[in-house]
Amino acid sequence: QVQLVESGGGLVQAGGSLRLSCVASGRILRINAMGWYRQAPGKQRELVAVFTNSGSTNYADSVKGRFTGSRDNAKNTVSLQMNSLKPEDTAVYYCNAVIMTDFGVFTTYWGQGTQVTVSS
């Protein structure tokens, strides 16, 4: 069984910063992509940032230049430093990972989500 556990999030004023972290545990042979999505009330879940196991990173246009992430393959963790936060960044943020739990078997896992609220 695989678990993604997130930490961080909270309430911050516009212009402030927050840091999210996520650790994957359980039966993990390999993690392919690992990253963050978010879902605001009444909106679809959207990609924020994704980090591949080859070292490439992709950010949503809306967060480029403000959010910076990193991935530690040895520790199965991913983090997201969010700076210059805006009210429109308010959402539940979910950690996501595509994990090989057996040879040739890849499954997408989600964390429980952590609330980020940015006040104006």
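Which order do the 4 strands of the open sheet have? Let's find out by walking through the structure one selection at a time.

**Before you start**

This is a predicted model, in which local features need pLDDT of at least 70 and side-chain atom pairs count only at pLDDT 80 or more, while totals for chains, interfaces and linings use all residues. Residues are numbered from 1 along each chain as its sequence is written, and side-chain values use heavy atoms, with hydrogens and water left out.

**Stop 1: the open sheet**

Switch to a cartoon view and colour the strands β1, β3, β8 and β7. That is the order in this open sheet of 4 strands, and the pairing is antiparallel. Strands here are DSSP runs of E with at least two residues, helices are runs of H or I with at least four residues, and both are numbered from the N terminus. Two strands pair if DSSP finds at least two bridges between them. As background, strands of a sheet pair through backbone hydrogen bonds, either parallel or antiparallel.

Now select residues 2–8 for β1 and 67–72 for β7. These strands stand at the edges with a single partner strand each, so one side of each has no neighbour in the sheet. Direction ignored, neighbouring strands of this sheet are turned by 15° against each other on average. For such angles, axes are lines fitted to C-alpha atoms (for helices over the stretch in contact), and angles run from 0 to 180 degrees between N-to-C directions.

Next, look at two of the pairings:

- β1 and β3 run antiparallel and are joined by 7 bridges. Select Gln3 and you will find Ser25 of β3 opposite.
- β3 and β8 (residues 77–82) are paired in the antiparallel sense over 6 bridges. Here, Leu18 stands opposite Met82 in β8.

**Stop 2: the start of the chain**

Select Gln1, in the segment before β1. Is Gln1 buried or exposed? Gln1 counts as exposed, because its relative accessibility is 80%. The cut-offs are under 20% relative accessible area for buried, over 50% for exposed, and in between for partly exposed (1.4 Å probe, protein chains only).

Show what surrounds Gln1: apart from neighbours within four places in sequence, this residue is in contact with Ser25, Gly26 and Arg27. Contact means heavy atoms within 4.5 Å. Then try a distance between C-alpha atoms: Gln1 and Gly69 are separated by 26 Å, and they are 68 residues apart along the chain.

**Stop 3: the disulfide**

Which two residues form a disulfide? Select Cys22 and Cys95, whose sulfur atoms are 2.1 Å apart. The term covers a pair of cysteine sulfur atoms within 2.5 Å, and the structure holds 1 such link. The link of Cys22 and Cys95 is left-handed, with -85° about the S-S bond. It links distant parts of the chain, since Cys22 is in strand β3 (residues 18–26) and Cys95 in strand β9 (residues 91–102), 73 residues apart. Both cysteines, Cys22 and Cys95, are buried.

**Stop 4: a network of charges**

Finally, show the side chains of Arg38, Glu46, Arg66 and Asp89, which are linked in a network of salt bridges. A salt bridge is a side-chain nitrogen of Lys or Arg within 4 Å of a carboxyl oxygen of Asp or Glu. How many salt bridges does a search of the whole structure find? The search finds 5.

Begin with Arg38 and Glu46, whose side chains meet in a salt bridge at 2.7 Å, N to O. Arg38 is buried at a relative accessible area of 5%, whereas Glu46 is partly exposed at 35%.

Move on to Arg38 and Asp89, which meet in a salt bridge at 2.9 Å, N to O. Arg38 lies in strand β4 (residues 30–39) and Asp89 in the loop between β8 and β9, so this pair ties together parts that are 51 residues apart in sequence. Asp89 is buried, with a relative accessible area of 0%.

From Asp89, turn to Arg66: these two form a salt bridge, with the closest N and O atoms 2.7 Å apart. Arg66 sits in the loop between β6 (57–59) and β7, 23 residues from Asp89. Both Asp89 and Arg66 are buried. To end the tour, show the contacts of Asp89 beyond four places in sequence, including Phe67, Ser84, Val116 and Val118.
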